[in-house]
Amino acid sequence: MKRLSSVAIVLSLMISGEALAGPMSLEACKRLQSEIERYDDLRRKGGSASQMESWKKSRAKLEDKFRAGDCRRHGRAVW
């Protein structure tokens, strides 16, 4: 029974999208780009050191998803 639940967890993680990363749609890439720009704006406005670091890490994670989703293939349409 324990083994069955382990398999179920692994399968759900694989289906979640992170493990099946591939080319993203233009709309998904635009959403990621707008979130990245939002974090850029927050950092430009400033904040405490911990906020700035948190925003920097969050932006980096989004940028990694942007790259993993092959969003550059959409070219200027994303911006």
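Helices (H or I, at least four residues) and strands (E, at least two) are DSSP runs, numbered from the N terminus. The structure on display is a predicted model, in which local features need pLDDT of at least 70 and side-chain atom pairs count only at pLDDT 80 or more, while totals for chains, interfaces and linings use all residues. Residues are numbered from 1 along each chain as its sequence is written, and side-chain values use heavy atoms, with hydrogens and water left out.

**The whole chain**

Begin with the chain coloured by secondary structure. It has three helices and zero strands, and the pattern along the sequence reads α-α-α. Of its 79 residues, 16% are buried; buried means under 20% relative accessible area, exposed over 50%, and partly exposed in between (1.4 Å probe, protein chains only).

**Helices α2 and α3**

Next, select residues 26–45 for α2 and 49–68 for α3. Their axes come within 9 Å and cross at roughly 160°. Axes are lines fitted to C-alpha atoms, for helices over the stretch in contact, and angles run from 0 to 180 degrees between N-to-C directions. The two helices are therefore roughly antiparallel, a term for angles over 145 degrees.

Now display the side chains between them. Contact means heavy atoms within 4.5 Å. On α2, the residues that meet α3 include C29, L32, I36 and Y39; on α3, those that meet α2 include W55, R59, L62 and F66. The residues of this contact comprise nine nonpolar, two polar and seven charged. Here Ala, Val, Leu, Ile, Met, Phe, Trp, Tyr, Cys and Pro count as nonpolar, Asp, Glu, Lys and Arg as charged, and the others, Gly among them, as polar.

**The nonpolar core**

Select C29, L32, I36, Y39, W55, L62, F66, C71 and V78, the nine residues of the largest nonpolar core. Such a core is a set of buried Ala, Val, Leu, Ile, Met, Phe, Trp, Tyr and Cys residues joined through side-chain atoms within 4.5 Å. Helices α2 and α3 each supply at least two of its residues, and the largest share, four residues, comes from α2. In soluble globular proteins, nonpolar side chains tend to be buried together.

Centre the view on C29. Which residues does it contact, leaving aside its neighbours within four places in sequence? They are M24, F66, C71, H74 and V78.

**A last stop at E37**

Finally, select E37, which is found in helix α2. At 35% relative accessibility, E37 counts as partly exposed.

Methods. Parallel < 35°, antiparallel > 145°, perpendicular 65-115°, else oblique.
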